[in-house]
Amino acid sequence: MAEPIVRQMRPEDVAEALAVFAEVAEEGLWLGTQPEFDRAARGQLWLEWLEDPTRRTLLVVDPDTGQVLGSGSMLLARYGVAALGMALAARARGRGLGGRLLDALIGTARGLGAHKADLQVWPHNEAAIGLYLSRGFVVEGRVRAHYRRATGQAWDAILMGLVLDGAQTAGQAGSGLADAPGLP
């Protein structure tokens, strides 16, 4: 069996990638997107993103079957930070595919000139946090009771970042100005 490949999404991939994304959303544990999302609107949005030079959507695809196993997205903000997000089907987890997808997203961000990549992850997602740490991401903070879920709960999220250009190291003040008194 050939190794799964990571490649850019094409218009003809949107429906299948959306089905995988919906599978992950149905689990209710890993994505900010919840199961009740509007699939047609999301599909249209993904098609629009394919034409947007500040966005990239990558897929993990089984080369033998052509089956989509997961997706990752990257949005390059005008200030040079690439926001990343990923979703892998349950059947694809634990095989190193998340790492391959993350590496491709980081490479894509670098290729578009990003000086930093960032992401948010649920505090209970140990596997994802471990993956991000293994690629050099650091925990930069936590937002508390930030995301309202369909259950009524408000979940925290962990903020993680990876400086890509080497100009600064994590933990250094970026502005060169002193922090306001009382900040941790």
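The legends below describe close-up views of a predicted model. Local features are given where pLDDT is at least 70 and side-chain atom pairs where it is 80 or more, whereas totals for chains, interfaces and linings use all residues. Residues are numbered from 1 along each chain as its sequence is written, and side-chain values use heavy atoms, with hydrogens and water left out.

**View 1**
Seven strands form an open sheet of mixed pairing in the order β1-β2-β3-β4-β5-β7-β6; strands are DSSP runs of E of at least two residues, helices are runs of H or I of at least four, and both are numbered from the N terminus. Two strands count as paired if DSSP finds at least two bridges between them. β1 (5-8) and β6 stand at the edges with a single partner strand each, so one side of each has no neighbour in the sheet. Direction ignored, neighbouring strands of this sheet are turned by 25 degrees against each other on average; axes here are lines fitted to C-alpha atoms, for helices over the stretch in contact, and angles run from 0 to 180 degrees between N-to-C directions.

**View 1. β4 and its two partner strands.**
On one side, β3 and β4 pair in the antiparallel sense over seven bridges, with L75 standing opposite A83 in β4. These two strands form a hairpin with four residues between them, and G80 in the turn has a positive phi of about 95 degrees. β4 also pairs with β5, here in the parallel sense over three bridges, and A82 stands opposite A117 in β5. Together, β4, α3 and β5 make a right-handed β-α-β unit, meaning that, with the strands pointing away from the viewer, the path from the first strand over the helix to the second runs clockwise.

**View 2. The largest nonpolar core around L84.**
A nonpolar core is a set of buried Ala, Val, Leu, Ile, Met, Phe, Trp, Tyr and Cys residues joined through side-chain atoms within 4.5 Å, where buried means under 20% relative accessible area, exposed over 50% and partly exposed in between (1.4 Å probe, protein chains only). The largest core has 28 residues, of which L84, V121, Y132 and F137 touch the most other members. Two or more residues come from each of β2 (55-61), β3 (68-76), β4, α3, β5, α4 and β7, and α3 gives the most, with six residues. Beyond its neighbours within four places in sequence, L84 is in contact (heavy atoms within 4.5 Å) with residues including S73, L102, I106, A117 and F137.

In helix α4 (residues 126-134), A128, I129, L131 and Y132 are buried. These residues lie on the same side of α4 because they cover an arc of only 160 degrees around the axis, the arc being that of the directions from the helix axis to the C-beta atoms. Their packing partners are β4 (81-88), α3 (97-111), β5 (116-121) and β7 (154-163), while the face turned away from the buried side carries the exposed residues E126 and A127. Just after α4, G136 takes a positive phi of about 100 degrees.
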